[in-house]
Amino acid sequence: MVDREDVLRAAARVLAERGLDAARLRDVARAAGVSIGALQHHFETRDELFREAFEWSIEQLIARWRASAADEPDPWRRFELLVQALTGDPELERRCATWTEFCASAARHPGLRDGVRSVHEEWLTLLTGIVEDGVIQGDFVPVLPVDTAIASVAALVDGCDMAVAAGGGMTPERYADLLLGTARAMFGVRAR
């Protein structure tokens, strides 16, 4: 019996390791512990498998972000919990490599662009909600226009993800420190 989620997880790992253009069904079958025939029974084409793996990865990522701080009323604490979910991922290197590969693949394969955009938009929505709540509560006084401050923090996340994926020495602790320090400055978080 083929577990679809196991196959999608394996396909996402293969994408992160080999890239979309070099990834093969054989690699996914080996990683998932199933036959190529079993993959072809569940996915009509290689492109369908990798598109679904991409979408599955995105859904997992967004669900983890949403759940990380959903019930926290304090905006800064909510941001800290979001950063903890982002940088404390036990599979941080794989997640960063997968995200970097998906972004690079979307540049070459227009069919993947909506997925990349949806992750980016979800991240901006989460940040916007945090900043708006912080401003309303008087805890945040952004030093730049709110959309510029949020875009700056979002760009930092992408840059840190790339540094982790490239093996550039970006530790989870350094990633969290950079993100928290930059957000504190950009969002104008009042001293606590």
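Visitor: Is Cys160 buried or exposed?

Guide: This is a predicted model, in which local features need pLDDT of at least 70 and side-chain atom pairs count only at pLDDT 80 or more, while totals for chains, interfaces and linings use all residues. Residues are numbered from 1 along each chain as its sequence is written, and side-chain values use heavy atoms, with hydrogens and water left out. Buried means under 20% relative accessible area, exposed over 50% and partly exposed in between, with a 1.4 Å probe and protein chains only. Cys160 has a relative accessible area of 1% and is therefore buried.

Visitor: How many disulfides does a search of the whole structure find?

Guide: A disulfide is a covalent bond between the sulfur atoms of two cysteines. Here the criterion is a pair of cysteine sulfur atoms within 2.5 Å, and the search finds 0. For Cys160, the nearest cysteine sulfur, in Cys96, is 8.6 Å away. The sulfur of Cys103 is too far for a bond, because the closest cysteine sulfur, also in Cys96, is 11 Å from it.

Visitor: Which residues touch the most other members of the largest nonpolar core?

Guide: In soluble globular proteins, nonpolar side chains tend to be buried together. A nonpolar core is a set of buried Ala, Val, Leu, Ile, Met, Phe, Trp, Tyr and Cys residues joined through side-chain atoms within 4.5 Å. In the largest one, of 56 residues, they are Leu49, Trp65, Phe79, Tyr175 and Phe187.

Visitor: With which residues is Phe187 in contact, leaving aside its neighbours within four places in sequence?

Guide: Contact means heavy atoms within 4.5 Å. The partners of Phe187 include Phe79, Val131, Phe140 and Ile150.
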